[in-house]
Every structure is written in structure tokens, then in C-alpha cells.
Amino acid sequence: MTISLTAARNIHLAAQGLLSAPKQTADKQAVLATIQNMGVLQIDTIHVVARSPYLVLWSRLGDYQQEWLEQHLDEGRLFEYWSHEACFLPIESFGRYRHQMLNPEGMGWKYNQTWLQENASHVKQVLMHIKNFGACRSVDFERTDGKAGGWWEWKPEKRSLEVLFTTGKVMVARRQKFQRVYDLVERVHPNWNDKRDLGKLIDDQCDQVLDSVNALGICKASWIADYFRMKKLTPSIQAESLYQRGLLQKISVEGWTEPAYYHPQRTPLIEQAKAGQLRATHTCLLSPFDPVVWDRKRALEFFDFDYRLECYTPEAKRQYGYFTLPILRRGKLIGRVDAKAHRKEKIMEIKALHLETNIKFSEALTKDLAKTLRAFADWHKTPKVHISRCDHQELKAALTLCFN
């Protein structure tokens with residue numbers, strides 16, 4: 001049987017918790033369950049609006065208390081490490097990344113072997129400081145090299161902490177004003193024992209592939225490795241091999257020349273889609289680092305949405321804005337919003353709102369966008385919404401009327 005592209009999209013959004021709006025107010029457990037469902041929550045520090053991990057959760061949960069995320073980290077239900085990028089991860093998946101910590105040579109810029117060799121004594125001093133004096137932050141060390149700081153001018157202690165973090169000597173115990181607080185692995189995750197708990201690498205990699213497919217809901221084979229930023233998959237854990245072993249299932253999607261794969265746990269979603277019972281009703285804004293759009297190629301192939309983040313593009317060359325948020329509406333990516341929260345003034349500025357060229361204006365569209373922008377602004381505690389630019393003048397007039 002072949003399912004429609006719309007049905008496949010709805011399966012994906014249902015698996016990601018984005019098919020319909022939350023039916024009840026989120027509690028602390030819902031935050032953890034959402035991260036466990038996605039398998040990963042990418043971290044980014046840009047905060048013209050709420051930082052990405054909080055925004056990804058808001059898209060799925062609606063209004064919730066942001067401090068719950070840090071509490072789960074502090075209480076040991078989450079940990080931080082390199083996955084898709086720097087991420088919050090369920091503590092249950094620690095073993096998969098432990099292999100990477102103990103053998104970090106293939107991690108590229110995240111692990112500088114030469115720097116470590118040249119500064120081994122300094123790294124050891126920082127580690128001893130943590131052993132003797134307890135958890136610490138990078139800012140706890142006074143800068144002595146006379147440099148001003150910045151991304152490529154980390155002070156030696158910061159570099160040492162990052163090396164110790166990447167090689168699994170320390171973990172992030174908690175965050176303080178979103179700054180990492182580092183401590184020894186045995187203090188942060190005392191129940192872990194390498195000799196007892198480190199399983200076979202190939203089993204962990206297989207489980208990670210299966211979790212990728214499960215999180216995606218339905219996918220092409222070429223989309224799988226990127227979800228957890230795995231390297232090229234060995235033949236034994238590629239999608240077709242796992243299908244032959246009965247660990248994955250296959251189905252055809254209208255318009256795709258290659259098969260789609262899904263995890264057996266998603267069979268109820270597949271059956272609902274076949275019966276036409278999956279209906280996308282949710283409208284929300286997405287973080288640029290949301291799993292639905294972080295793979296730009298997948299977003300284009302799946303949603304026909306050509307998206308890139310322009311905050312690293314010179315302002316004069318930007319097409320849409322500094323930190324544009326994709327608009328998800330009823331199963332489609334229909335446009336993007338460049339927003340900025342002016343927190344002191346309590347204003348949410350919509351610097352630009354762009355619709356895709358195939359999206360038509362309607363009262364229903366206006367109602368959905370107005371409701372979403374209002375919820376977004378209220379969650380940021382910036383209740384005044386000001387629309388500076390919208391290429392669709394009729395939509396701008398209608399939305400402005402909603403907010404005045």
C-alpha cells in the first residue's frame with residue numbers, strides 16, 4: 001500500500017509531538033517525556049527570543065515553566081553531551097555516548113588532540129581543582145592572558161573544561177544562569193560503572209539507528225544518520241538490513257522513488273494514517289534547531305520548505321532575517337517569522353513575517369497566526385505584539401487589527 005505525502009508528514013509530526021495542540025497544561029514530567037520522545041534536545045545560546053531548547057519544548061507543550069528543564073538536569077534525569085550537536089539527552093542513553101567519550105578521536109573540532117597534548121599539565125590541574133574543590137564554571141577562573149574572550153579566544157581553563165567534558169572526565173552537573181557547571185562523572189552519574197555498564201558498541205549503534213527512525217516517525221534511509229549525527233552507517237545497521245531482520249518496517253509514500261521506513265512501535269500511527277484518521281491541527285512557531293527543520297535537506301524533501309538560518313550571514317545578504325522561526329500550520333511549513341523579544345519594554349516585535357508563495361490569505365489563516373503569535377508573546381512575558389514588516393499587506397492589516 002502507498003500512503004500520501006500528507007499522511008507521511010502527519011506521521012512524522014505525530015511522532016514529534018506536533019500534530020495537535022496540547023490538550024492540558026504541561027507539568028514537569030511532560031518536559032522530560034517530550035525529550036525522551038524526541039531522544040535529544042539541541043542546545044543553542046542565541047536569545048533574541050527564548051533560547052532554542054526552551055522554544056522546542058514550547059512548540060510541543062505550550063505554556064510551561066522553563067526552570068523544569070534545568071531541574072531535570074540537576075536531578076540526574078538528563079545529561080549533556082555532543083549528539084546532533086551539543087544537546088540535552090535522557091540519562092538512559094548515556095552508555096551510547098560513553099563510547100564516544102572514551103574514544104573521541106573522530107569528533108573533529110570538538111576534540112583537539114594536539115592542544116590536549118601540548119596542555120596536558122594544565123588540563124590535569126583543572127581536573128584536580130574540581131576533585132579538590134567541587135563543581136565549577138568557566139567564569140570561576142580569572143582570566144590572566146590579557147585577551148578579551150570570544151568564541152575563538154577561550155581562556156585556557158575554558159578549553160581544559162571542554163576537553164575534560166568531551167573526553168568524559170567531567171559532566172555538566174547543572175546550569176547556573178544557563179552557564180555550565182562541571183563536576184566529576186562519578187559525582188554527577190554515580191550509578192554508572194564503565195566495566196559493568198559499557199555494552200557492545202554495535203548494539204548501541206543499532207539502538208541509536210532504531211531510535212532515530214522511531215523519533216522521525218517515518219523516513220527515508222538517507223535521513224537516519226543525521227538525527228544523532230552518526231557517521232556513515234555500517235551495512236549491518238543500515239535501514240534495509242534492519243528491515244530484513246524485522247527490526248524496521250517498510251511502506252511506500254506517494255511521490256517517493258525509494259521506500260519509507262518506520263519503527264514497529266509506530267505501527268498504530270501508520271494504521272491511523274492509512275485509515276485517514278491522522279489530522280494535523282496544530283499551529284506554532286519552530287526553533288531553527290527543532291528536529292523537524294534542523295536537517296535542511298530533509299525539510300526541503302519532506303515539506304518543500306527551503307530553510308536556512310541567516311544569523312551567520314552578513315545583514316546585507318540576509319533574505320528573511322537574523323533568527324527566523326518556521327511557521328508550522330496544520331501539517332505544513334507555511335512561512336517564517338523573524339521575531340525579537342524586547343523584554344524590558346514587554347514588546348514582542350515581529351520584525352518580518354514571510355509566507356511561502358503558495359500560501360493564500362484567509363480569515364482562518366489570520367486567526368491561527370494571531371492566536372499563535374499571541375501565545376508566543378505571552379509565554380515570553382511580552383504581551384504587546386508589534387508587526388514591523390509583513391510582505392503580505394492584507395495579512396499585515398488583519399494581524400495588526402488583532403493586536404490593537
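1. Residues Leu5, Ala8, Arg9, His12 and Leu13 of helix H1 meet Arg298, Phe302 and Phe303 of helix H15, where a contact means heavy atoms within 4.5 Å and helices are DSSP runs (H or I, at least four residues) numbered from the N terminus. By class, this contact of H1 with H15 has five nonpolar, one polar and two charged residues; Ala, Val, Leu, Ile, Met, Phe, Trp, Tyr, Cys and Pro count as nonpolar, Asp, Glu, Lys and Arg as charged, and the others as polar.

2. This is a predicted model, in which local features need pLDDT of at least 70 and side-chain atom pairs count only at pLDDT 80 or more, whereas totals for chains, interfaces and linings use all residues. Residues are numbered from 1 along each chain as its sequence is written, and side-chain values use heavy atoms, with hydrogens and water left out.

3. Helix H1, residues 5-15, and helix H15, residues 296-303, pack with their axes 10 Å apart and at an angle of about 135° (axes are lines fitted to C-alpha atoms over the stretch in contact, and angles run from 0 to 180 degrees between N-to-C directions). H1 is therefore oblique to H15, since angles under 35 degrees count as roughly parallel, over 145 as roughly antiparallel, 65 to 115 as roughly perpendicular and the rest as oblique.

4. Helix H2 (residues 28-38) and helix H4 (residues 67-74) pack at about 70°, their axes lying 9 Å apart, so H2 is roughly perpendicular to H4. Lys28, Val31, Leu32 and Ile35 of H2 make the contact with Trp68, Leu69, Gln71 and His72 of H4, and the residues involved are five nonpolar, two polar and one charged.

5. On confidence, the protein averages a pLDDT (the predictor's confidence in each residue, from 0 to 100) of 94, and 97% of the residues score at least 70. Over residues 148-152, however, the pLDDT is below 50, and this stretch has three contacts in the model beyond near neighbours in sequence.

Note on methods. Helices (H or I, at least four residues) and strands (E, at least two) are DSSP runs, numbered from the N terminus.
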